[in-house]
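Please read the following note alongside the sequence and the three-dimensional view. Its points proceed from the overall fold to individual residues.

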Amino acid sequence: METVREIWEFLRVRKKFWLAPIIIALMLLGLLMTVAGQAGTLAPFIYAM
């Protein structure tokens with residue numbers, strides 16, 4: 001949670017709010033890859049996307 005706070009502080013102080021959607025998309029992609037690698041039962045649903 002501290003990492004998220006540091007990223008938010010960076011974006012707020014340097015006025016780089018346009019980076020937020022990129023960072024969120026990368027975090028969601030990483031989450032999807034983690035779930036796809038661990039869950040054998042979810043694999044058919046993920047590959048169908």
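The numbered points below describe the model, each on one topic.

1. Basis of the note. This is a predicted model, in which local features need pLDDT of at least 70 and side-chain atom pairs count only at pLDDT 80 or more, while totals for chains, interfaces and linings use all residues. Residues are numbered from 1 along each chain as its sequence is written, and side-chain values use heavy atoms, with hydrogens and water left out.

2. Overall fold. The protein contains 3 helices and 0 strands, and its elements run α-α-α from the N terminus on. Helices (H or I, at least four residues) and strands (E, at least two) are DSSP runs, numbered from the N terminus.

3. Burial and surface. Of the 49 residues, 8% count as buried; buried means under 20% relative accessible area, exposed over 50%, and partly exposed in between (1.4 Å probe, protein chains only). The protein exposes about 4500 Å², and carbon and sulfur atoms supply 72% of that area. Accessible areas come from the Shrake-Rupley method with a 1.4 Å probe; for residues, only the protein chains shown count as cover.

4. A nonpolar patch. Trp 18, Ile 22, Leu 26, Leu 29, Leu 32 and Met 33 make a nonpolar surface patch of about 650 Å². Patches are made of residues with over 30% relative accessible area and no salt bridge; like charges are joined within 9 Å, and nonpolar side chains (Val, Leu, Ile, Met, Phe, Trp, Tyr) within 5 Å. Met 33 lies in helix α2 and is exposed, with a relative accessible area of 57%.

5. The salt bridge. The count comes to 1 salt bridge, defined as a side-chain nitrogen of Lys or Arg within 4 Å of a carboxyl oxygen of Asp or Glu. The side chains of Arg 12 and Glu 9 meet in it at 2.8 Å, N to O. Both residues lie in helix α1, 3 residues apart, about one turn of the helix. Arg 12 is partly exposed at 39% relative accessibility, and Glu 9 is partly exposed at 34%.

6. The aromatic pair. The count comes to 1 aromatic pair. Trp 8 and Phe 17 form this tilted pair, 6.0 Å centre to centre with 50° between the planes. Rings of Phe, Tyr and Trp (its six-membered ring) pair if their centres lie within 6.5 Å; planes under 30 degrees apart count as stacked, over 60 as edge-to-face and the rest as tilted. Trp 8 is partly exposed at 45% relative accessible area, and Phe 17 is partly exposed at 40%.

7. A backbone detail. Lys 15 has a positive phi of about 55° although it is not a glycine. Lys 15 lies in the loop between α1 (2-14) and α2 (20-38) and is exposed, with a relative accessible area of 62%.
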